[in-house]
Amino acid sequence: MSGLALAVGAAAVVATLAVGCGTAGAVSVRMVRAAGAADAAALAAADAASGAIAGEPCARATETARRVGGVLLGCDIEGMVATVAVTVPLGPFQPTARARAGPPG
């Protein structure tokens, strides 16, 4: 009987570790997606701020972040420089990335 209990306990530990590693991997992937979404949103906002494309900068950032699966959390425009924060939610986790774009300087 003790061998069975040991086997069940070992299986439970392995299953818990597998779920934990899988969750950590999924959050890591979402973090990379959030970084890409933030970069794209910042570039879109900076282009709108400079007049390279039509539209309001933060509206462009919101639209761009949404198209790549993100949610814009913040948008700040100073001159032609855009700073944004984007999240790509995954259940209770909120992987967030920030990006800044503007003319070289």
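These questions and answers walk through a predicted model of one protein chain, from its overall form to individual residues.

Visitor: What share of the residues is buried?
Guide: The accessible surface of the protein chain comes to about 6,300 Å², and 66% of that surface belongs to carbon and sulfur atoms. Counting as buried those residues under 20% relative accessible area, the share among the 105 residues of the protein chain is 25%.

Visitor: Which strands stand at the edges of the sheet, and why is one side of each left without a neighbour?
Guide: The three strands form an open sheet with antiparallel pairing, in the order S1-S2-S3. Each edge strand has a single partner strand, so one of its sides is left without a neighbour in the sheet, and the strands in that position are S1 and S3. From one strand to the next, the twist averages 15°, and the edge strands asked for are S1 (71-78) and S3 (96-101).

Visitor: How many bridges join S1 to S2?
Guide: S1 and S2 form a hairpin with two residues between the strands, where glycine 79 takes a positive phi near 65°. Within this pairing, aspartate 76 stands opposite threonine 83 in S2. The two strands run antiparallel, and the number of bridges joining them is seven.

Visitor: Which residue in S3 is the bridge partner of threonine 87?
Guide: S2 pairs with S3 in the antiparallel sense over six bridges. S2 is also mostly covered, as five of its seven residues are buried. The partner of threonine 87 in S3 is threonine 96.

Visitor: At about what angle does helix H2 run to S1?
Guide: Both helices lie against strands: H1 lies across S1, S2 and S3, running at about 30° to S3. Helix H2 lies across S1 and S2, and its angle to S1 is about 150°.

Visitor: Is glycine 70 buried or exposed?
Guide: Glycine 70 is found in the loop between H2 and S1. Leaving aside neighbours within four places in sequence, glycine 70 is in contact with Ala65, Val86, Thr87 and Val88, and its C-alpha lies 6.5 Å from that of alanine 34, a residue 36 positions away in sequence. The relative accessibility of glycine 70 is 9%, and because the cut-off is 20%, this residue counts as buried.

Visitor: Which side chains meet in a salt bridge, and what is the N to O distance?
Guide: The count comes to one salt bridge. Glutamate 63 and arginine 67 are four residues apart in helix H2, so about one helical turn separates them. Glutamate 63 counts as partly exposed at 26% relative accessibility, whereas arginine 67 is exposed, with a relative accessible area of 67%. The side chains that meet are those of glutamate 63 and arginine 67, and the N to O distance is 2.8 Å.

Conventions
Residues are numbered from 1 along each chain as its sequence is written. This is a predicted model: local features need pLDDT of at least 70, side-chain atom pairs count only at pLDDT 80 or more; totals for chains, interfaces and linings use all residues. Side-chain values use heavy atoms; hydrogens and water are left out. Two strands pair if DSSP finds at least two bridges between them. Axes are lines fitted to C-alpha atoms, for helices over the stretch in contact, and angles run from 0 to 180 degrees between N-to-C directions. Contact means heavy atoms within 4.5 Å. Buried means under 20% relative accessible area, exposed over 50%, partly exposed in between (1.4 Å probe, protein chains only). Accessible areas come from the Shrake-Rupley method with a 1.4 Å probe; for residues, only the protein chains shown count as cover. A salt bridge is a side-chain nitrogen of Lys or Arg within 4 Å of a carboxyl oxygen of Asp or Glu.
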